[in-house]
Amino acid sequence: MFNKDQSILLLANHCSWWDGFLMFQINRLYFRKRFHVMITEENYRKVWFLKYLGSFSVKKNSRSAIETLEYAGKLLNDPENLLLIFPQGKLYSGHVDEIQFQKGLINLVNSSSRKFQYIFAASFADYFQHRKPVMTCYLQDWEGAEFTSLQLIKSAFNKHYELSRLKQTAIQV
C-alpha cells in the first residue's frame, strides 16, 4: 500500500478533536515516519502540547501562511516524513456528504519536489452497542499526476470518502 522510500502526504477528514491522535497512532503502528501536522494558530496556542507531537501552525489569510505552506511542502522532500493535512481547515460533522478543500493545499504540493505519496484517510466514529465510540479509518493510496490540480486531488479524495462512508453505513452489528 505504501512505499517506505517516499514521504507521505496524509489527507484526512476532520470530524473530531481526536482525528490527529488517531492519525498519529496509525503512523506510529503502520507507516513509522516522522509525524508532522499543520494546525491553525488558534489551536496551536490553545492546545500547547501538540507541538511535542509534531504540529506546527498556520495563520490563515496572512502573509506568513505562504511561508508555512512552503515549509510544509519542503517537509515532503524528506522520505522519512509524514505530513498530515486536514484539507477542510477546521472541524466539520462526520456526516457531511463532501469534504471541502482549502486552496492552500496546492501551494503546499507545488512547494515540494512532488516525490511523495498521497494517502487518503476517511475516519468515522460510531457507538453501535458500545458505551465508548468505535473509530474506523479507511486508508487508500493515490497516485497523483505530474501536474495534479487541487480539483483532481479533491475529486479523488471525495470518491474515497464516499466509498468509505458507504462501507461504514453498511456495517451491521
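A residue is called buried under 20% relative accessible area, exposed over 50%, and partly exposed in between, computed with a 1.4 Å probe on protein chains only. The model is predicted: local features need pLDDT of at least 70, side-chain atom pairs count only at pLDDT 80 or more, and totals for chains, interfaces and linings use all residues. Residues are numbered from 1 along each chain as its sequence is written, and side-chain values use heavy atoms, with hydrogens and water left out.

Select proline 87 first. Proline 87 is buried, at a relative accessible area of 3%. It lies in the loop between strand E4 (81–85) and helix H4 (104–110); helices (H or I, at least four residues) and strands (E, at least two) are DSSP runs, numbered from the N terminus. Beyond its neighbours within four places in sequence, proline 87 is in contact (heavy atoms within 4.5 Å) with Ala12, Gln100, Phe101 and Gln102.

Next, display the strands. Six of them form an open sheet of mixed pairing, in the order E3-E2-E4-E1-E5-E6; two strands pair if DSSP finds at least two bridges between them. Strands E3 (55–58) and E6 (134–142) stand at the edges with a single partner strand each, so one side of each has no neighbour in the sheet.

Now select strand E1 (residues 7–12). Four bridges join E1 to E4, and the two run parallel. Leucine 9 has leucine 83 in E4 as its bridge partner.

Finally, select helix H5 (residues 150–169), which packs on the sheet and touches E1, E5 and E6.

Note on methods: Axes fitted to C-alpha atoms, helices over the stretch in contact; angles between N-to-C directions.
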